[in-house]
Amino acid sequence: GHCTECSCSSGKEPGKDTSNTKKKENGDRAFVPKIFFGTRTHKQISQITRELKRTAYSSVPMTILSSRDYTCIHPVVSSSGSNRNEMCVELLEGKHGKSCLYYHGVHKLSEHHALQSAHRMYQAWDIEDLVSLGKKLRACAYFAARELMVGADIVFCPYNYLLDPQIRESMDINLKGQVVILDEAHNIEDCARESVSYGVTESQLRAAREELDFMVNHNIRQKDHEPLRAVCCSLT
């Protein structure tokens, strides 16, 4: 049956209360946790949201957190190779005198979903649905998904968004007091290992060793740099 606390409960309009808090009779606010649903791949998120549409909870406010690789609609940035994050940041900072038109249209996507909720037309959606709507409204799907997290009862995302502290910080994810569901959790160990691992090439190690040689030879914080140089030498 329906639960009594979240927006899907009978007699309550889904998405009406975007602050994720419900008033008590005495006027105080009770904290209602979000559900963070972590999956191994983005493809699995598509499968889960498709199943969500078939349930009684299809109208519950939700969002999907994913990278710019899947959600960026800027014609230049989205067609670039591996530097989409850097190009996006440069546009937002206006480094070359240009800004991102789609970023300034984020509110269009948020307002669209709010309007759907108000008319009880809200339905679970997938990344492709959000990107398609973003192109139609000329609004950034990447930042819209992050903005929708504020009023979402369910947040879908890959494992690393929950496990990697740097990603959690950059995406403003606070898991304290929240509900976390991990699909196929036997993959967590590998994902956790990847989150704290870093790969370097031999040429990068040699370049680092040369810079550290310079530091040591010029008496710049020798106590700090000598141990690092020893590590680079042993690895090369």
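1. Helices α10 (residues 202-217) and α11 (residues 222-235) pack at an angle of about 150°, with axes 9 Å apart; α10 and α11 are therefore roughly antiparallel, a term for angles over 145 degrees. Axes are lines fitted to C-alpha atoms over the stretch in contact, and angles run from 0 to 180 degrees between N-to-C directions.

2. On the α10 side, the residues making this contact include Leu 205, Ala 208, Leu 212 and Val 216, and on the α11 side they include His 225, Leu 228, Cys 232 and Leu 235. Contact means heavy atoms within 4.5 Å.

3. This is a predicted model, in which local features need pLDDT of at least 70 and side-chain atom pairs count only at pLDDT 80 or more, while totals for chains, interfaces and linings use all residues. Residues are numbered from 1 along each chain as its sequence is written, and side-chain values use heavy atoms, without hydrogens and water.

4. The protein has 11 helices and six strands, taken as DSSP runs (helices H or I, at least four residues; strands E, at least two) numbered from the N terminus. Of its 236 residues, 39% count as buried, that is, under 20% relative accessible area with a 1.4 Å probe, protein chains only.

5. The largest nonpolar core has 43 residues, and Met 62, Trp 125 and Phe 156 are among those with the most contacts inside it. Helix α6 (residues 141-148) supplies the largest share of this core, six residues. Such a core joins buried Ala, Val, Leu, Ile, Met, Phe, Trp, Tyr and Cys residues through side-chain atoms within 4.5 Å.

Terms used:
Buried < 20%, exposed > 50% of the residue type's maximum accessible area, 1.4 Å probe, protein only. Parallel < 35°, antiparallel > 145°, perpendicular 65-115°, else oblique.
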